Amino acid sequence: MSLHDFVFLTEDASHDAAIRHINEEAFGPGRFVRSSERVREQGPHDRRLSFIAADRGETIASVRMTPIFAGKTAGHLLGPLAVRPSHKNLGIGRELVRIALAAAEKAGSQAVLLVGDPPYYAPLGFARTRPGAMTMPGPFDPHRLLAACFGDVHAMALEGEIHHRDRT
Ligand SMILES: CC(C)(COP(=O)(O)OP(=O)(O)OC[C@H]1O[C@@H](n2cnc3c(N)ncnc32)[C@H](O)[C@@H]1OP(=O)(O)O)[C@@H](O)C(=O)NCCC(=O)NCCS
């Protein structure tokens, strides 16, 4: 199997059940206590910037994007990102991140943030943020809070509270 065997599509409601299954399989019940999930619970994700990968019609990977403010910066929180175990290490996760980043930039996002492993995300354009500069609704490892920034925004300059854009 190679990347060319898969199709990458903008998410719609018909993908919801498969995405739920993929995320359950990847993260288990503990996923709901993560700080990123607390932010995602504050409002809907943006389907126009969320994507799935399909293999012969079956949804096998997903990335979602949620509109947030990081302090005064209007951006997006990337995640969950998950690939079915049967399809790991084929480049699908990286491709979904690339597609989501490009779509966010085109839509005017100033920064895409996530809590994740720097070795995976750094080659995709994510940089570390300043430890302690940002808060989320719950604890997280500040060394894993990463950002891919657009225009003249810089990861190290981000500061303030991360929350859904719908939450006033
Ligand atoms: C992490 C995940 C999304 C990667 O997707 P994928 O399609 O399998 O990954 P890709 O094919 O794009 O990339 C594979 C490469 O990333 C590496 N990699 C995978 N997970 C990694 C991690 N957590 N940290 C560092 N490198 C990682 C692999 O070793 C591989 O390296 P190689 O190219 O040198 O062989 C997938 O493994 C997954 O769904 N994991 C469970 C859920 C999860 O942890 N999501 C991320 C939350 S931050």
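**Exercise 1. Classify the residues of the shell around the ligand: how many are nonpolar, polar and charged?**

Solution. Work on the predicted model.
- Step 1: sort the shell by residue class. Eight are nonpolar, four are polar and three are charged.
- Step 2: list the shell. The ligand is surrounded by 15 residues. Lys-88, Gly-93, Arg-94, Gly-116 and Asp-117 are the closest.
- Step 3: At least two residues each come from strand 4 (73-83), helix 3 (92-106) and helix 4 (118-121).

**Exercise 2. Determine how strand 5 is joined to strand 4 and to strand 8.**

Solution. 
- Step 1: take strand 4. Strand 5 pairs with strand 4 in the parallel sense, over two bridges. Leu-113 in strand 5 has Leu-77 opposite.
- Step 2: take strand 8, residues 145-149. Strand 8 and strand 5 run antiparallel, joined by five bridges. Here Val-115 is opposite Leu-145 of strand 8.
- Step 3: Strand 4, helix 3 and strand 5 form a β-α-β unit, and the unit is right-handed.

**Exercise 3. Decide whether strand 5 is enclosed or open, and explain why.**

Solution. 
- Step 1: count buried residues. The cut-off is 20 or more other C-beta atoms within 10 Å. In strand 5 (residues 111-115), five of the five residues are buried, so the strand is largely enclosed by the rest of the structure.

**Exercise 4. Find which residues touch the most other members of the largest nonpolar core.**

Solution. 
- Step 1: The core has 40 residues, and Ala-61, Leu-96, Ala-100, Leu-113 and Ala-147 touch the most other members.
- Step 2: assign elements. Two or more core residues come from each of strand 2 (51-55), strand 3 (58-70), strand 4, helix 3, strand 5 and strand 8.
- Step 3: inspect Ala-100. Leaving out residues up to four places away in sequence, Ala-100 touches Leu-49, Phe-51, Val-63, Met-65 and Leu-78.

**Exercise 5. Is Gly-57 buried or exposed?**

Solution. 
- Step 1: locate Gly-57. This residue is in the loop between strand 2 and strand 3.
- Step 2: count neighbours. Exposed means 12 or fewer. Gly-57 has 6 C-beta neighbours inside 10 Å, so Gly-57 counts as exposed.
- Step 3: Phe-6 is 51 residues from Gly-57 along the chain, and their C-alpha atoms are 9.1 Å apart.

Key:
Residues are numbered from 1 along each chain as its sequence is written. This is a predicted model: local features need pLDDT of at least 70, side-chain atom pairs count only at pLDDT 80 or more; totals for chains, interfaces and linings use all residues. A residue is near a molecule or strand if its C-beta atom, placed from the backbone, lies within 6 Å of it. Helices (H or I, at least four residues) and strands (E, at least two) are DSSP runs, numbered from the N terminus. Ala, Val, Leu, Ile, Met, Phe, Trp, Tyr, Cys and Pro count as nonpolar, Asp, Glu, Lys and Arg as charged, and the others, Gly among them, as polar. Two strands pair if DSSP finds at least two bridges between them. A crossover is right-handed if, with the strands pointing away from the viewer, the path from the first strand over the helix to the second runs clockwise. A nonpolar core is a set of buried Ala, Val, Leu, Ile, Met, Phe, Trp, Tyr and Cys residues joined through C-beta atoms within 7 Å. Two residues are in contact if their C-beta atoms, placed from the backbone, lie within 7 Å.
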